[in-house]
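Please have the sequence and the model at hand.

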Amino acid sequence: MKIIHGSRIGAGSRIALCTNAVVFDAERRRVLLTRRSDNGRWCLPGGHVDPGETVAESCIREILEETGLRVRMKRLIGVYSSPDRVVEYADGNRYQIVALCFEAEVEDGTLSTSSETTASGFFAPGEIEGMDLMEHHRERIADALAANPVAFTR
């Protein structure tokens, strides 16, 4: 998977609805990240919404699949839908992503990896600055840390 930027590049692609979450540790000092198995980059846990599920169910399922943690949704951080960015998958398909980013809280589980992830862990904002993080996830983490009472629309 790679991200391609260009003015209104999304016009030549399909739309995909996705969810992801900023999951803080118990002290609310560190953020949960996963390392993708397809491109080796760090990201927030999440993925595509499947037919027949709500966006909250999708986010909870994706986090469990990718990290082994069971979470509950706390709030909507923002809706992200830039037409100037598309995701291109190995099969050549391109999607303009419409992503709903939530804040979630760990209920239970054991942190682990999956077929989609090679590592996962909680990282402080200072550590994240130096990581090879999917660039659009930096904005979502910053929005979560801003603790705005109203969801961002970007």
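## Cysteines and pockets

The structure holds zero disulfides (a disulfide being a pair of cysteine sulfur atoms within 2.5 Å). Cys43 is in no disulfide, and its nearest cysteine sulfur, in Cys18, is 11 Å away. With 4% relative accessibility, Cys43 counts as buried, a word that means under 20% relative accessible area (1.4 Å probe, protein chains only). Cys101 is buried too, at 0%, and its sulfur lies 7.6 Å from the closest cysteine sulfur, in Cys59, too far for a bond.

This is a predicted model, where local features need pLDDT of at least 70, side-chain atom pairs count only at pLDDT 80 or more, and totals for chains, interfaces and linings use all residues. Residues are numbered from 1 along each chain as its sequence is written, and side-chain values use heavy atoms, without hydrogens and water.

Now to the pockets.

| Pocket | Volume |
|---|---|
| Largest pocket | about 500 Å³ |
| Second largest pocket | about 170 Å³ |

Of the 29 residues lining the largest pocket, Met1, Arg36, Gly46, Gly47 and Tyr89 are the closest to its centre. Elements that give two or more residues to this lining include strand E2 (14-23), helix H1 (55-67) and helix H3 (135-146). By class, the lining of the largest pocket has 10 nonpolar, 12 polar and seven charged residues.

The second largest pocket is lined by residues including Phe24, Arg28, Lys74 and Phe122. E8 gives the most to that lining, with four residues. Its classes are five nonpolar, no polar and five charged residues.

A pocket here is an open set of points on a 1 Å grid, where a 1.4 Å probe fits, with protein on both sides within 12 Å along at least five of seven lines; lining residues have an atom within 4 Å of a point.

Conventions
Grid points are joined across faces, edges and corners, and a volume is the space filled by probe spheres set on the points. Ala, Val, Leu, Ile, Met, Phe, Trp, Tyr, Cys and Pro count as nonpolar, Asp, Glu, Lys and Arg as charged, and the others, Gly among them, as polar. Buried means under 20% relative accessible area, exposed over 50%, partly exposed in between (1.4 Å probe, protein chains only).
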